[in-house]
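Dear colleague,

I am handing over the structure below, together with some notes on what was found in it. Please read the notes with the coordinates open beside you.

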Amino acid sequence: FTIIWTIFSLGNSSDSFIFLRAYDLDAQLALVPLAYAGFNIVYALCAIPLGSLSDEIGRLPILVASLILFGAIYTGWSQATQTWQTAVLFLLYGLYYGGTEGVARAFVADLLPAGRRGSALGWFTALTGIATLPANLLAAYFWNSQGRSAPFVFGAAMAFAAGALLVLCYPWMRRAKAVA
């Protein structure tokens, strides 16, 4: 799971690129912080219900749906042409965050016996954090060489790939837990 999430993290560049893209869409500079505030409100309102839902139906459906949503949001950023789309994309981005931040860590904990969870969460956090630098370097490279939509196309591709890998590898992850 950590490897799959690290692959996703390579396409999940800094939110600064979202701010630059919003500004590129001629969003009034004063409205961008409001859109970001909307993101935070949606995230705060959705995190607990989505975490509870993952307790009931399992983490996998929430994580896969969130990765698909991320891919759709980044596809939206790559294709956006209107200022109003900035607000919609920020709000949807809050929903994605609500479905992944706590749920991904809970998924890691679910995959391992109690005595190995701390080190597993450490590796998960370390590897996905380390992926931040190359993710931002790649996004900057794509932005400058391929155009302003390119980092978002790449990010969407990484999210869709991670979602597919998660579904494909989940049976193996469950068997590996049973053996551990």
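Thr100 has its place in helix H5, which covers residues 84–111. Please keep in mind that this is a predicted model, and that the values that follow are computed from it.

Thr100 is buried, because its relative accessible area is 1% and the cut-off for a buried residue is under 20%. A polar atom of the Thr100 side chain lies 3.2 Å from the backbone oxygen of Tyr96. When the neighbours within four places in sequence are left aside, Thr100 is in contact with Trp5, Leu63 and Ser66.

Turning to the helices, the axes of H4 and H5 cross at roughly 150° and come within 8 Å of each other. H4 is therefore roughly antiparallel to H5, since angles over 145 degrees are counted in that way. The crossing of these two helices, H4 and H5, is left-handed, and the residues of their contact divide into 18 nonpolar, five polar and two charged.

Helix H4 (residues 59–79) also packs with helix H2 (residues 16–24), at an angle of about 35° and with the axes 10 Å apart; here, too, H2 passes H4 in a left-handed crossing. On the H2 side the contact is made by Ile18, Arg21 and Ala22, and on the H4 side by Tyr74, Trp77, Ser78 and Gln79. By class, this contact of H2 with H4 has four nonpolar residues, two polar residues and one charged residue.

Terms used: Residues numbered from 1 in each chain as written. Predicted model: local features only at pLDDT ≥ 70, side-chain atom pairs only at ≥ 80, totals over all residues. Heavy atoms only, no water. Axes fitted to C-alpha atoms, helices over the stretch in contact; angles between N-to-C directions. Helix = DSSP H or I, 4+ residues; strand = E, 2+ residues; numbered from the N terminus. Left-handed = near helix turned anticlockwise from the far one by under 90°. Contact = heavy atoms within 4.5 Å. Nonpolar A, V, L, I, M, F, W, Y, C, P; charged D, E, K, R; others polar. Buried < 20%, exposed > 50% of the residue type's maximum accessible area, 1.4 Å probe, protein only. Polar contact = N/O pair within 3.5 Å; in protein donor to acceptor, adjacent residues only side chain to side chain. Parallel < 35°, antiparallel > 145°, perpendicular 65-115°, else oblique.
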